[in-house]
Amino acid sequence: MSTFPVSENVSQMHLSSTLKAAQLAAEFRDQGQDVIDLTIGEPDFDTPEFIKRFAWEGLEKGLTKYTATAGMKMFTEAVAAFYAGRFGADFAPSEVAASCGGKQALFNAACTLLNPGDDVLIPKPYWVTFPEIATFCRANSVFIETESTDFVLTAEQVRNAITERSKLLIINSPSNPSGRVIPAEEMVRIIETCAEHNIYVLTDECYLFFAYPPGEVFTSASLPDELRRFVCVAGSFSKTFAMTGWRIGFTIANEEWTRAIVKLQSHSATHPTSFVQYACARAMNEPKITIEAVNSMLAEYERRRDWLVPCLNTIEGFSCGLPEGAFYAFVDVRQMLGEKYRTSADVAAEMLEKAYIVVTDGAGFGADGFLRFSYATSMENLHTAVERLGELFGQANVRAA
């Protein structure tokens, strides 16, 4: 029987390690195991009720047909108005294109820019999809080491990594998996550096509002035009609005880049769901209640972070800095590596087999020796997980939740 001839573009790609880990957790759960899943980056909150009502309102209005590929007029206008009101950003609705989630926004932006042989600058640790996007476009991933700056990318690191074929830099801040946040002034310097070398910047702002005080929310959409013309912002409602299953996101880029994105999308997904666009537009047009809902979730994530990270640091062989954003703890387990555990994957396997805790190995993020813990789960689950880890690797001094 002949082997299916998978295209070169896809055959060189790797399955998402985060989704693979989540699938493993589901399989153990199906077998009746009491598994604690700390893998997937999905809010454990339900979508805010007012957004659900807006979606139902859209259905009642009969918004079940095709929309423009770039999205409904009210959607693109709402994105522009929301960013203007919240961040002082100045861009036209014609620079916005709706997408089926942040992941498609990233693919659209990269596929309309990259050619085979181009170099893509990707800071480590990276979200698992970034190098796979480059692979799909037959571009080369050029990784930037950031451990010397505690996983916070700097303009100097970008400058030192630039090659003759550099075409694109992909940034994610707040970061998945590290939770680190690039300060606004450093982000500006990074984009200035790229602009000097005619390099474009794709900034994944999936966790935009999840920056813990005193950290500040920053969007590259607020940059002046001379810099913003080099930038494409990939936005998403999945994390900050707890709408992962709704599959809705957008890009903000100069009009020429946006036209290319719309052209590509016209032959792929066409557009995200019409009444979902309506719900998101209505939510952005009600910024007060929308930001209140986001801040409520952020406060709970901060409470979990402030409890979990100190507890993880009491586990034998674990070391974890306090993340400034997102909802991940990126744990350094390199002290544990040796004869018993050769890699962080071995540590993760031990946690699964003996404590029924599933985490994501750092190797998938370009950081072997680290494990990503998602605290987008209940305090009860986090408390149980820490207790089990203490029993497995060494007693933890667990504080009350």
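Tutor: Residues are numbered from 1 along each chain as its sequence is written. As the model is predicted, local features need pLDDT of at least 70 and side-chain atom pairs count only at pLDDT 80 or more, while totals for chains, interfaces and linings use all residues, and side-chain values use heavy atoms, without hydrogens and water.

Student: What makes a space in here a cavity?

Tutor: On a 1 Å grid over the protein atoms alone, a cavity is a set of points where a 1.4 Å probe fits but cannot get out. By that rule, there are three cavities of 30 Å³ or more.

Student: How do you know the volume of the largest cavity?

Tutor: Grid points are joined across faces, edges and corners, and the volume is the space filled by probe spheres set on them. For the largest cavity that gives about 170 Å³.

Student: What makes a residue part of the lining?

Tutor: Having an atom within 4 Å of a point. The largest cavity has 20 such residues, and P123, P125, F151, N172 and S175 are the closest to its centre.

Student: Why are residues in the second largest cavity's lining called nonpolar, polar or charged?

Tutor: Because Ala, Val, Leu, Ile, Met, Phe, Trp, Tyr, Cys and Pro count as nonpolar, Asp, Glu, Lys and Arg as charged, and the others, Gly among them, as polar. The lining, which includes F82, E205 and G235, therefore splits into eight nonpolar, three polar and one charged.

Note on methods:
1 Å grid on protein atoms, 1.4 Å probe; cavity = no way out; pocket = protein on both sides within 12 Å on 5 of 7 lines; lining within 4 Å.
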